[in-house]
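Subject: Structure handover

Hello,

Here is the structure for you to take over. My notes on it follow below.

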Amino acid sequence: MPVEANDSLEEMAFPSPVDYIVMGAGVAGLRAAIQLAEDGDVLVVTKESLGESNTFYAQGGIAVASWEDTDDVALHLSDTVSAGDGLVFRPAAEVLVAEGPARVTELIEWGARFDREGGALLRTREGAHSRPRILHANGDATGAEISRSLVAQAHAHPRIRFAEWTMVSRFMVRDGQVVGAELVPAGMERSAFNEHGCVSSRAVLVASGGAGQVYSDTTNPPVATGDGIALALEAGAELADMEFYQFHPTAFSFPGAPRFLMSEALRGEGAYLRNDRGDRFMERYHPLLELAPRDVVARAITREGLNEKGEARLVFLDMRHIKNIDLHKRFPGISAFLARYSLDLHRDLVPVRPAAHYLMGGIRTDLMGRTNVKGLYSAGEAACTGVHGANRLASNSLLEGLVFGARAANAMLEDNLPVSLVEDHTDKTLPMDQSDSALIEGQVTELRRAMWADGGLLRSESLMQEGLHKQAESETGVEFFEQQRKASRRSLEARSLCHVARAILCSALAREESRGAHFRNDYPKRNDAEFQKHSIYTGDGWVRFEDL
Ligand SMILES: Cc1cc2nc3c(=O)[nH]c(=O)nc-3n(C[C@H](O)[C@H](O)[C@H](O)COP(=O)(O)OP(=O)(O)OC[C@H]3O[C@@H](n4cnc5c(N)ncnc54)[C@H](O)[C@@H]3O)c2cc1C
């Protein structure tokens with residue numbers, strides 16, 4: 001039964017031990033939980049309600065090779081590899097495209113309703129895909145439909161238990177092995193926040209998604225603070241490719257409005273990009289025009305969005321020329337959002353600019369989700385198998401969650417680690433008062449601004465050194481509360497964001513070249529001789545480069 005937001009941990013009374021803990025209820029965590037429940041009891045922990053995840057907000061679709069077109073597996077592979085700009089770990093991409101059709105078929109059997117015409121699945125095209133292969137649901141609400149069907153499937157399983165509004169705050173490590181997790185209630189204003197509880201398990205899966213909140217401008221919801229990545233690092237796990245953050249080129253840009261995503265599928269259906277002089281500018285940047293890889297489009301918009309004095313100029317999506325599609329029907333969610341600002345896809349130019357969207361890097365895993373720490377596994381956006389290389393091919397991440405979520409679960413079952421009971425004893429923390437919370441919030445705001453300015457789309461050594469300096473200031477501010485043994489959900493999130501920011505900046509400084517989503521003004525060229533390798537970041541702050 002789901003735990004209500006205002007339950008204290010004692011009232012939650014989690015079973016301990018459980019066989020498996022899954023941190024996160026997005027596509028990766030849910031897919032894994034369904035598999036794990038075939039052979040064990042599973043506790044799925046999620047920081048807010050079940051729907052609050054990057055998965056739920058995914059719009060455009062899920063890329064999967066067409067089962068009618070026998071060439072498409074090979075083409076999906078070559079599109080994935082070329083989007084990744086020389087850094088895709090090919091065996092991971094081979095797994096993704098080969099196992100994708102079976103995972104999506106299974107999802108359809110579990111009740112996912114993708115859009116169809118005359119019974120046949122509709123497939124659209126997005127940037128850098130050589131064929132239309134993206135399945136979508138309810139027009140532009142694909143993630144919500146995938147989430148709905150997986151939640152229903154998981155709920156029907158008697159061996160899966162959910163802990164909503166509960167935060168994993170630490171992994172329990174014994175003799176170098178993760179043997180469970182510490183949980184705290186995650187409602188913002190909870191006096192019970194200082195109630196901790198430990199749950200022992202055979203293994204823990206980190207499926208906690210990305211960390212878009214490390215940047216001031218992001219399409220990601222507030223839960224995406226990189227907690228799982230930070231906690232895994234603290235437990236001794238290595239991170240890989242953290243410098244590669246994908247900035248979505250077209251998030252809504254309107255004063256006071258949220259950075260709502262204007263899906264790539266809009267350009268897939270023919271939208272143009274125009275600058276404030278009305279020019280279609282992509283022909284100056286890439287032969288694929290508006291369907292060029294995301295990093296190219298995002299940098300082009302950034303450049304067109306500034307005048308010679310560095311002042312902001314508007315850039316727009318334009319669909320006014322599209323007459324053969326009912327855009328309201330094809331994009332109901334986006335149309336409803338735009339209507340709140342009196343804008344209409346058929347009639348108006350839509351102002352856009354880039355926002356942080358997807359983390360290609362993450363916890364380093366093998367092809368079965370195993371990390372370098374025994375008992376700790378990862379899948380989905382929190383993990384890095386190398387499948388996306390330096391730049392993710394649009395709509396490959398929902399598929400990644402399904403494929404690698406199932407694989408990680410198989411590894412956890414296969415490894416069949418014994419349970420080591422951990423004592424339910426951790427240092428209790430003191431609650432924070434309002435002024436403490438305001439100070440923490442201030443540190444988070446500064447950090448996010450610094451990351452956008454210094455570790456964002458256009459990087460250089462001097463900017464990133466400046467960013468590291470500001471990161472250290474934020475970290476000191478956050479540690480001040482830890483020393484007083486004070487904690488809140490926000491202070492734990494702030495700690496995660498500090499870890500993630502440092503990992504991004506250190507990895508980006510070490511990679512003295514430009515590749516995929518990582519662009520340096522001081523090293524504008526790709527340098528295969530030195531850097532056709534993955535960056536590995538460890539808890540001591542060191543970065544080394546090696547093959548996966
Ligand atoms: C607006 C938007 C549109 C997108 N559109 C597409 C698209 O069209 N196609 C596509 O392929 N991809 C898309 N993506 C990317 C894709 O949605 C994500 O990469 C993918 O869903 C990640 O799934 P996940 O299971 O790894 O993590 P998520 O879905 O992000 O789930 C993370 C889970 O971890 C939980 N969690 C986090 N921290 C903690 C903690 N400390 N304790 C407990 N639980 C925690 C969260 O509550 C959540 O349940 C989009 C992303 C966004 C934001």
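Predicted model: local features only at pLDDT ≥ 70, side-chain atom pairs only at ≥ 80, totals over all residues.

Overall fold

The chain has 16 helices and 21 strands. Its radius of gyration is 22 Å, close to the 24 Å that the globule rule gives for 548 residues, so the chain is as compact as a globular protein of that length. Along the principal axes, the C-alpha atoms fill a box of roughly 65 × 55 × 50 Å. Buried residues make up 57% of the 548 residues. Among contacts with a separation of 6 or more, 74% join residues 24 or more positions apart.

Around the ligand

Which residues come nearest to the ligand? They are Gly24, Gly26, Thr55, Gly209 and Gly380, out of 44 residues around the ligand. By class, the shell has 17 nonpolar, 22 polar and five charged residues. H12 gives the most to this shell, with four residues.

Helix H6

H6 has 14 residues. From its first C-alpha to its last it reaches 20 Å, close to the 20 Å expected at 1.5 Å a residue. Its buried residues are Thr142, Gly143, Glu145, Ile146, Ser147, Leu150, Gln153 and Ala154. What covers the buried residues of H6 includes H2, H3, strand E3 (62-63), helix H5 (90-109), strand E8 (160-163) and H12.

Helix H14 and its surroundings

Helix H14 (residues 461-483) has 23 residues. Its reach is 32 Å from first C-alpha to last, close to the 33 Å expected at 1.5 Å a residue. Which residues of H14 are buried? Leu463, Met464, Gly467, Lys470, Gln471, Ser474, Val478 and Phe481 are. Their cover includes helix H13 (434-454) and helix H15 (489-510).

- Alanine 450 lies in helix H13. With 25 other C-beta atoms within 10 Å, alanine 450 is buried, because the cut-off is 20 or more. Not counting residues up to four places away in sequence, alanine 450 touches Gly467, Lys470 and Gln471.
- Arginine 495 lies in helix H15. Arginine 495 is buried too, with 24 other C-beta atoms within 10 Å. Leaving aside neighbours within four places in sequence, arginine 495 is in contact with Ala230 and Val478. Arginine 495 and alanine 292 are 203 residues apart in sequence and 36 Å apart in space, C-alpha to C-alpha.

Backbone points to check

Two residues have a positive phi although neither is a glycine.

- Asparagine 416 has a phi of about 45°. Its place is in the loop between H12 and H13. Is asparagine 416 buried or exposed? Asparagine 416 counts as exposed, with 11 C-beta neighbours inside 10 Å.
- Arginine 485 has a phi of about 60°. Arginine 485 follows H14 and lies in the loop between H14 and H15. Arginine 485 is exposed, with 11 other C-beta atoms within 10 Å.

In brief

H12 gives the most to the shell around the ligand and is included in the cover of the buried residues of H6. H13 and H15 are included in the cover of H14. Asparagine 416 and arginine 485 are exposed.

Best wishes

Conventions:
Residues numbered from 1 in each chain as written. Helix = DSSP H or I, 4+ residues; strand = E, 2+ residues; numbered from the N terminus. Rg over C-alpha atoms; globule rule 2.2 N^0.38 Å. Buried ≥ 20, exposed ≤ 12 C-beta atoms within 10 Å, placed from the backbone. Contact = placed C-beta atoms within 7 Å. Near = placed C-beta within 6 Å. Nonpolar A, V, L, I, M, F, W, Y, C, P; charged D, E, K, R; others polar. Expected span 1.5 Å × (residues − 1).
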